Amino acid sequence: MGSSNWIARFNRWGYPHHFYPGVGAAELAGAVLLLIPKSAKFGALLLSVVMIGAAGTHLLHHEPQVMTTLVLLALLGTVFYLRFEASSERVPTE
């Protein structure tokens, strides 16, 4: 259900024991949604929420991974913007 390293980290951060499977499921769902062009913006949005939580956690615990999460958050923002622009430029067919 999860590696002992991740379980230990979530415990050290003070999250409940049942929290890490939910985060993993959200990450998996976001990754799958990113692969489907029509739902990529929703995947980027879901993963952005996870990355905001990760950045906050790393920041509060003074961990260097905060930079990685911020870079990933910027990339997800770019994907969201590009997919949003692509979906708004579609001309409806009649």
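Author: The face of α1 turned away from its buried side carries Ser4 and Arg12, which are exposed, meaning over 50% relative accessible area, where buried means under 20% and partly exposed lies in between (1.4 Å probe, protein chains only). Helices here are DSSP runs of H or I with at least four residues, numbered from the N terminus. This is a predicted model: local features need pLDDT of at least 70, side-chain atom pairs count only at pLDDT 80 or more, and totals for chains, interfaces and linings use all residues. Residues are numbered from 1 along each chain as its sequence is written, and side-chain values use heavy atoms, with hydrogens and water left out.

Helix α1 covers residues 4-13, and its buried residues are Ile7, Arg9, Phe10 and Trp13. Seen down the axis, these fall within an arc of 160 degrees, so they line one face of the helix; the arc is that of the directions from the helix axis to the C-beta atoms. They pack against α2 (19-35) and α3 (40-60).

Trp13 has a relative accessible area of 11%. Leaving aside neighbours within four places in sequence, Trp13 is in contact (heavy atoms within 4.5 Å) with Trp6, Thr57, His58, His61 and Glu63. The C-alpha atoms of Trp13 and His61 are 7.6 Å apart, although 48 residues separate the two in sequence. With Glu63, Trp13 makes a side-chain to side-chain polar contact at 3.1 Å; such a contact is a pair of N or O atoms within 3.5 Å, and within protein one must be able to donate a hydrogen and the other to accept it, with residues adjacent in sequence counting only if both atoms are side-chain atoms. After α1 comes Gly14, with a positive phi near 90 degrees.

Methods. Helix = DSSP H or I, 4+ residues; strand = E, 2+ residues; numbered from the N terminus.
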